[in-house]
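Please keep the model open in your viewer, with selection by residue number ready, and follow the stops below in order.

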Amino acid sequence: MADTPSKPWTRVQDWVTLIAGAFLALSAIWVDVSTGGAWAMVVIGVAIVGLALVALAMPGAVIDEWATAAGGVVAFVAPWLFSYADQSGAAWTSWVVGVVVTLFALAAIPASLADYRAQHAAGSPA
């Protein structure tokens, strides 16, 4: 399966990061969080969604998977960076989403790298 390039919009890991990012962005609606924390959750969540959409559309974009993993790390540390670690619902949402996004983005890197190599090997002379 690693020899077969992924088709756009089919990689499960990228769908999971997309859903997790959307959950983070929308969770400010139902969790108790400060205004600054809410904006941080929305912006970080929307950024993760955007990165996941790129990864889904272009399966060989390896750098995008690394950027998505970095977005997961930012989501994880956001409660401390934006001072909402004491608001348990919002903080736990950020922590769980951060871990999920980071792990799934890192898990997608080998497949993305294989797709990148297959795309670029196809165009090179043998």
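In which helix is the place of serine 27? Select residues 12-27 in this predicted model, and you have helix H1, where serine 27 lies. With the helix still selected, compare its length with expectation: at 1.5 Å a residue, the 16 residues of H1 should span 22 Å, and because its end C-alpha atoms are 22 Å apart, the two values agree.

Next, colour the buried positions of H1, which are Asp14, Thr17, Leu18, Ala20, Gly21, Leu24, Ala25 and Ser27. Serine 27 belongs in this set because its relative accessibility is 0%, and buried means under 20%.

Now show the side chain of serine 27, which reaches the backbone oxygen of leucine 24 at 2.9 Å. If neighbours within four places in sequence are set aside, serine 27 is in contact with Met41 and Thr93.

Move on to methionine 41, which, apart from residues up to four places away in sequence, touches Leu24, Ala25, Ser27, Val31, Val33, Tyr84, Ala90, Thr93 and Ser94.

For the last stop, select the residues with the most contacts inside the largest nonpolar core, namely Leu24, Val33, Met41, Ile44, Tyr84 and Ala90, and note that this core has 16 residues. Two or more residues of the core come from each of H1, helix H2 (35-57), helix H3 (62-81) and helix H4 (88-122). Which element gives the most to this core? That element is H2, with 5 residues.

Note on methods. Residues are numbered from 1 along each chain as its sequence is written. This is a predicted model: local features need pLDDT of at least 70, side-chain atom pairs count only at pLDDT 80 or more; totals for chains, interfaces and linings use all residues. Side-chain values use heavy atoms; hydrogens and water are left out. Helices (H or I, at least four residues) and strands (E, at least two) are DSSP runs, numbered from the N terminus. Buried means under 20% relative accessible area, exposed over 50%, partly exposed in between (1.4 Å probe, protein chains only). A polar contact is a pair of N or O atoms within 3.5 Å; within protein, one must be able to donate a hydrogen and the other to accept it, and residues adjacent in sequence count only if both atoms are side-chain atoms. Contact means heavy atoms within 4.5 Å. The expected span of a helix is 1.5 Å times one less than its number of residues. A nonpolar core is a set of buried Ala, Val, Leu, Ile, Met, Phe, Trp, Tyr and Cys residues joined through side-chain atoms within 4.5 Å.
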